[in-house]
Amino acid sequence: MSAAPATARPAARPPARRGGAARGPRAGRPSALWTLPGLLFFGVFAALPMALVAYLSLTTWGGLGDPRFTGLDNWTRLAGDPVMHRAVVLSLVLTAATWAVQTPISLLLGVWAAGRQRTRAVLSAIFFLPLLLSSAAIALIWRSLLDPNFGPLAWIAPRVGAPDADLLGDPTGAFLVIIAVTAWQFIPLHTLLYQGGARQIPASLYEAAEIDGAGRWTAFRHITLPQLRNTITTSSVLMVVGALTYFDTVLILTGGGPGSDTTIVPFLMYEAGFERWEMGYASAIALTLVVAATAVSLVMVRVTGFGAMRSTREGM
Amino acid sequence: MTTPRVGAAGAIVLALLATGCGGGSADDRMHVWMYQDTLVVVQDAAVERFNADSDVQAVIDEVPGDTYEDRLRTAMGSSEQPDVFFNWGAGSIAPYAEQGMLTPLDDVFAEDPEFADAYIPSILAAGAIDGTQYGVPLRGTQPVILFYNRAVFEEAGAEPPETWEDLLDLVDLFTEEGVIPFALAGADPWTEQMWLQYLVDRLGGPEVFQRIADGDPEGWRDPVVLEAAEMVRDLVDRGAFGDNYASVSYTEGGASTLLSEGRAAMHLMGSWEYSTHLDQAPEFATEDLGYVAFPPLPGGEGDPANVAGNPTNFFSITADTPYPEEAVAFVKSTDDEEYVRDMIANGEVPVTVGAEELLSESPSPEFATFQYEMVRDAPNFQLSWDQALPPSVASPMTTEIERLFNGQSTPEEFVEALAALQ
Amino acid sequence: MTASAPARPAARGAAAPPRPPRRRAGRPGRRRPNVLAGAGAFAWLAVIGVPLYVLLVATFQRSEDYTAAGPLALPADPTLDNYARAIDNGILVFVANTLAVTAAVVAIVCILSATTAFAVVRSRGRWTTGVFRAFLLGLAIPAQAVVIPVYLIIVQLGLYDSLVAIVLPTAAFALPVCVLILTGSMRDISDELYEAMALDGAGSVRTFLRLVLPMSRPGLATAAVYSALQAWNGFLFPLVLTQSRDSRLITMGLFEFQGEYRVDVPGLLAAVVLSAVPILIAYLLARRSLVNGLMGVGGK
């Protein structure tokens, strides 16, 4: 992706040449049929399911036999379900916390790692390592490390004067663990994004600032941050949509517990669908999740400027 | 990535997929689903014997315990159903029976009276839905028993509890000694449910839960439930389960290991706990593993001889199996002498009528006899609550139990939350 | 673990496109080294490094010693038994399954997103604009949200409990991002090149194969890395769409080991380490493309 600097990208569309040389440019142009395979595939496994979710949310279905149409029953139940209300709050808090924890760390690490010193290169190679592990693997590692009786935590806790080692059994503790473990897992990716972004910033900007006698902090505030705007948007959208849909980590680390204190929306959906077998109700939760994810992405894109987002998209 | 390579990669992928298609259980073997634990060796041996003189080969698919019921239901909704599968009878197979997905076994029992008479009738009954038999008992009986570590008790100069006061004294004693009084796997709330089952039964008798199981959520408001919940609260506050129970998992072996390593003194658990230790810590199982019945409660109306747990587990046969005859032949092998002997050798207590004569072959005849008599003499055998209720209620119920044990809800809130479940 | 790896890319990085002004280290003493940032980075090194160290050490420890010795101690009596047990438990089969699924997903995604992106970039008309918009919207659909209907569709297709069942939806959900990546990539191809192809009388197929694909290599690499990671880390689809051992993927294998291993933590952790080996190898062999590919996901 580093072949052409973003600024040098040619205009997306060729200059209008509809009239003349009619045959020439037409010949190489693909017909709309080229989109069909991709569209069909996406349609059957992503768009059609969306429609089915909407339909199933109006039914009662236990996974066996046929769904029974029950109108808005699931939706009225959803609106009054305290567990769902809690799950929504937990999801929002988790999303906000994820962003607040991961963005500053990734941004600083990324900018730091963008420097070309040897130490930085060596350390960034190590920072990258969690990316090689799947969420399932990471959740299992942390679960083992935090086992209250047989893990390193059981060894450390009494030595630092903690009353018990039951971090995952404590509602706040378990929630913090999820924030920390997902940060451990995803900060490397976002660091990488910021590292890539920071390397695109023209060095001349810094040189000019240096001549003006700007300090390091001023340069960071007035050059680095504004220049990273697009990266911040992209990374934030990825983070937020990601946090809204954490599932593996919660299932393995806490199973939604203790009680239901880490039952965030996607986990509640899984529980309703595949443990309680209320597929219709689970579909209503799922649809809420889609609407939320879409709304959040749109809002973030609006807030940070649609134009910026657009060019980021095109630049991908 | 040039084109020919993409093409080559595509070809490889297609080839892989072609082999991958056979990845499911769509082969010509008879699939027997088992809940994965240390008892499966008995069924393994049964399959081996079955395959020795059958054209259709059976194969056991072990499904990890945590997800067994979820996996079963997803598979039952698809074309990859098992042919024969492990279950808990009652509520656990009711949805399949309603959809006509199970083979009724009434004829099998009617045609072979000897087979029908082989099982203790009260236990066989749990495998029937609305009068139709769908299950054949495949395991020993599994009452919930209070296990203890003899070495730990000796060191503390203590005796196993015979009354509730004894039990509370022991809690204080062991807490002082720095030993966890009761191992508890709080991350798997069905283990906490065992406590409530016994407390409710000892306090109010089986009628209290029966009303709930019959579909009346108001039954949760019975004062007995509140009292039981308050006793749980009291136990937790006294430190009966230590500090770290909330994130301990049973299926990962956390609680059992605490008991066998002597870090906990007692463990309320199903009788399979014995086989688990026999497999994981054999020396402890044969030397130091003690057991008593759950003690009576002062002023309780329930018969102290009542038992909670799983009367047994069952094999059921799916209606669409391509091997109906073979499947029946296989499930009928569960009363063969070899099968029964294997069970006993593995520490189980069979639910076949003549089994008591064989109990002397058990690795611990004493334990086997204890269990057998306990179940035989129990006026009521309470099936685990989460198996007796439909999943849409059972799953939130276990969450509420977990919240009660964690102190996330008060006994009053616990009762309210349960009564609100439909 | 990667002690030898970083040296190479670092050296290469220095030799690569000469951008002398950026190398602040090269500037004579005007700047003090950024002590604060350096300290922060080393703190983060501890955050990343210590758990990985504990993980690795534990895998060489006998399970009896694991709880006794304390997490930071080196194993007194190192052993490979844990790895042997993990392999006995079939971890290699799960890795092979996952490799097959990953290869299939990458192939499907690269082919379909390339053809779609080509049409979006080069074909004129409302249809392709509409298609592009549809994919943009598709970005916001979390895979979690549609797992129930996907299960229903897979069951109807008779694919339940097969590797194909995982490949299809995983690929479908990787498509939107990859279409976006590739449209970006293909827009960078200059019009002169398209015109030259057209003047040669090349049709759309030839243009695609001879010009567009070779010129989109960085984009394809990013799409491949992205979709490969999706497939490799996939959890929910395998959880819901498969059950038997024969179609078990590595993430599921690990999840289920959790129950099988009981308190054998070193065995479980050895399985975790083995599960990362293929990606680690890919990382060592192609660190630059992997890193650049991932940076590409973020755009420029």
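Colleague: How many residues of domain 1 of chain B are in contact with domain 2 of chain B?

Modeller: Contact means heavy atoms within 4.5 Å. Here 14 residues of domain 1 of chain B touch 14 residues of domain 2 of chain B. This is a predicted model: local features need pLDDT of at least 70, side-chain atom pairs count only at pLDDT 80 or more, and totals for chains, interfaces and linings use all residues. Residues are numbered from 1 along each chain as its sequence is written, and side-chain values use heavy atoms, without hydrogens and water.

Colleague: Where do the domains of chain B run?

Modeller: Bounds come from an automatic or database domain assignment. Domain 1 of chain B is 9-141 + 311-335, and domain 2 is 142-309 + 383-419. Their C-alpha centres lie 30 Å apart.

Colleague: What area is buried between domain 1 and domain 2 of chain B?

Modeller: The size of an interface is often given as the accessible area lost when the parts come together. Buried area is that loss (1.4 Å probe), summed over both parts. For these domains of chain B, the value is about 1100 Å², with 50% from carbon and sulfur atoms. On the domain 1 side, T38(B), T141(B) and P311(B) lose the most area, together 36% of what that side buries.

Colleague: How many salt bridges does the rule find across the interface of domain 1 and domain 2 of chain B?

Modeller: A salt bridge needs a side-chain nitrogen of Lys or Arg within 4 Å of a carboxyl oxygen of Asp or Glu. Across this interface of chain B the rule finds zero.

Definitions and conventions
Chains lettered and ligands numbered in written order. Buried area = accessible area lost by both parts, 1.4 Å probe.
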